[in-house]
Amino acid sequence: MPTDNLILDGLPEGVRASLEPHLTAVELPQSLVLQEAGRTVSQVYFPLSGMVSLLAVTPSGESIETGIVGREGVVGGLAVGDLSSFAQAIVQIEGRALRIGPAQFRALCQEHLVLRERVDRYQAFILTQAQQNAACHALHSLEGRLCRWLLQSEDLIESNQIALTQEFLSYMLGVRRPTVSVAASELQRDGLITYRRGTITVLERAGLLKRSCQCYEVLRDEIHAHRR
């Protein structure tokens, strides 16, 4: 069962064979909500491409990103313990995934310890992301956070073209759209990115690295450690 998901690809062949009959390939269009905060996980997704944002949502409807999931991870991994989701999961950049029901997922995790260990390890990384992002939102400038986010996105989707509107980006950074527009315009003016028709293209990665907050390197190192 060849896939592009790093959790699944890292499993022994026999475990992957046990999973295969329960996995369904699905498309993930942009803005699709995969799970709601505080609700029981209804499906578990192993992304093959694209990007999923994990959002903390306030009672008034405001939201801010606490983490992102790409093909290195899993959305809904809390189902292994029959727990409710702690965040809203929404498709930020369209892609594809392999989907499995929570009951089958829990049974397979009980049967194959290596699967549960890999999923639990990734859930620990998601917690690390949330903690780092909380500090980042509180302490770092919008420009530094925007550059960090663009670098992370480029790493996860393995492309310098990021299909995303400024309105959606404002939700991710927890600021108003005009504020994001000003920050993005400055990066474009300096030749680091271009923004056209809902697509941000990274032109000069080195320049973004210089202007990004240090949280990018912290999270990048955590992802590399997880992938080993």
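1. Two strands are taken as paired if DSSP finds at least two bridges between them, and helices (H or I, at least four residues) and strands (E, at least two) are DSSP runs numbered from the N terminus. By that rule β9 and β10 are paired in the antiparallel sense, over four bridges. The model is a predicted one, in which local features need pLDDT of at least 70 and side-chain atom pairs count only at pLDDT 80 or more, while totals for chains, interfaces and linings use all residues. Residues are numbered from 1 along each chain as its sequence is written, and side-chain values use heavy atoms, with hydrogens and water left out.

2. The pair β9 and β10 makes a hairpin with two residues between the strands, and R197, in the turn, has a positive phi of about 50°. Within this pairing Y195 stands opposite I200 in β10. Strand β10 (residues 199-202) is also joined by three bridges to strand β8 (residues 161-163), the two running antiparallel, and there A163 has T199 of β10 as its bridge partner.

3. An open sheet of three strands has the order β1-β7-β3, with antiparallel pairing. Because β1 (24-28) and β3 (44-47) stand at the edges with a single partner strand each, one side of each is left without a neighbour in the sheet. The twist from one strand to the next averages 40°, where axes are lines fitted to C-alpha atoms (for helices over the stretch in contact) and angles run from 0 to 180 degrees between N-to-C directions. Five bridges hold the antiparallel pairing of β1 with strand β7 (residues 95-100), and T24 is placed opposite R99 in β7. Helix α3 (residues 102-111) lies across β3 and β7, running at about 70° to β7.

4. Another open sheet has four strands in the order β2-β6-β4-β5, again with antiparallel pairing. Here β2 (33-35) and β5 stand at the edges, each with a single partner strand, so one side of each lacks a neighbour in the sheet. Neighbouring strands are turned by 35° against each other on average, direction ignored. Strand β4 (residues 51-57) runs antiparallel to strand β6 (residues 88-93) and is joined to it by five bridges, with I90 in β6 as the bridge partner of S53.

5. Leaving aside neighbours within four places in sequence, T66 is in contact (heavy atoms within 4.5 Å) with L54, L55, A56, Q129, A130 and N133.

6. Helix α7 (residues 177-189) has 13 residues, which at 1.5 Å a residue should span 18 Å, and its end C-alpha atoms are 18 Å apart, in agreement; the expected span is 1.5 Å times one less than the number of residues. V180, A183, A184 and L187 are buried in α7, and seen down the helix axis the buried residues fall within an arc of 95°, so they line one face; the arc is that of the directions from the axis to the C-beta atoms. The face turned away from that buried side carries the exposed residues P178 and R189. After α7 comes G191, whose phi is positive, near 80°.

7. The buried residues of α7 pack against α5 (142-157), α6 (166-173), β9 (193-196) and α8 (205-211). The axes of α6 and α7 come within 8 Å and cross at roughly 100°, and the two helices are therefore roughly perpendicular; angles under 35 degrees count as roughly parallel, over 145 as roughly antiparallel, 65 to 115 as roughly perpendicular and the rest as oblique. That contact is made by Q166, E167, L169, S170 and L173 of α6 with R177, V180, S181 and A184 of α7.

Technical notes
Buried < 20%, exposed > 50% of the residue type's maximum accessible area, 1.4 Å probe, protein only.
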